[in-house]
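Thank you all for making the time this morning. I would like to walk through one structure with you, and I will start with a term that we need for one of its side chains.

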Amino acid sequence: MSGKPPVRKPRAAARRSITKSAKNAAFKRRNIVRCNYCGKGLTRTQATGDHKQPVSKGGANKQKNVVVACLDCNQRKGSMPMGTFMQIIRADGTYMSKRKGHTG
């Protein structure tokens with residue numbers, strides 16, 4: 001052994017969870033809990049909180065930056081900003097497609 005301490009690789013930043021208060025606030029902003037993207041009706045346990053501006057891209061972990069989303073849409077959006085994802089789902093017909101009575 002050379003007596004030198006081992007070189008440590010920098011760790012990737014840990015993903016921060018959405019605070020309980022931010023998720024609850026997202027629910028309170030809506031009378032009916034629906035995915036903000038596809039319109040699917042959700043229970044509290046099915047709903048996820050999605051960052052409009054991803055934390056990985058400088059978004060805050062605050063109430064104003066969180067919306068309700070189903071797991072499918074949240075995973076599909078990934079680290080895209082909300083505006084980019086909205087353009088994609090409007091173009092492919094996914095936007096509000098699961099909302100009751102949606103025709104287009």
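By a polar contact I mean a pair of N or O atoms within 3.5 Å, where, within protein, one must be able to donate a hydrogen and the other to accept it, and where residues adjacent in sequence count only if both atoms are side-chain atoms. With that in hand, the side chain of R34 reaches the backbone oxygen of G39 at 2.9 Å.

Before going further, please keep in mind that this is a predicted model, in which local features need pLDDT of at least 70 and side-chain atom pairs count only at pLDDT 80 or more, while totals for chains, interfaces and linings use all residues. Residues are numbered from 1 along each chain as its sequence is written, and side-chain values use heavy atoms, with hydrogens and water left out.

The protein chain has 3 helices and 2 strands, and along the sequence they follow the pattern α-β-β-α-α; helices (H or I, at least four residues) and strands (E, at least two) are DSSP runs, numbered from the N terminus. Of the 104 residues, 34% are buried, where buried means under 20% relative accessible area, exposed over 50%, and partly exposed in between, with a 1.4 Å probe and protein chains only.

To return to R34, this residue lies in the loop between α1 (20-28) and β1.

β1 pairs with β2 (residues 66-69) in the antiparallel sense over 4 bridges, and DSSP must find at least two bridges for strands to pair. The bridge partner of H51 in β2 is V66.

Which residues of helix α3 (residues 82-92) are buried? They are M82, F85, M86 and I89, and because they cover an arc of only 100° around the axis, they sit on the same side of α3; the arc is that of the directions from the helix axis to the C-beta atoms. The face turned away from this buried side carries the exposed residues Q87 and A91.

Finally, α3 is followed by G93, whose phi is positive, near 85°.
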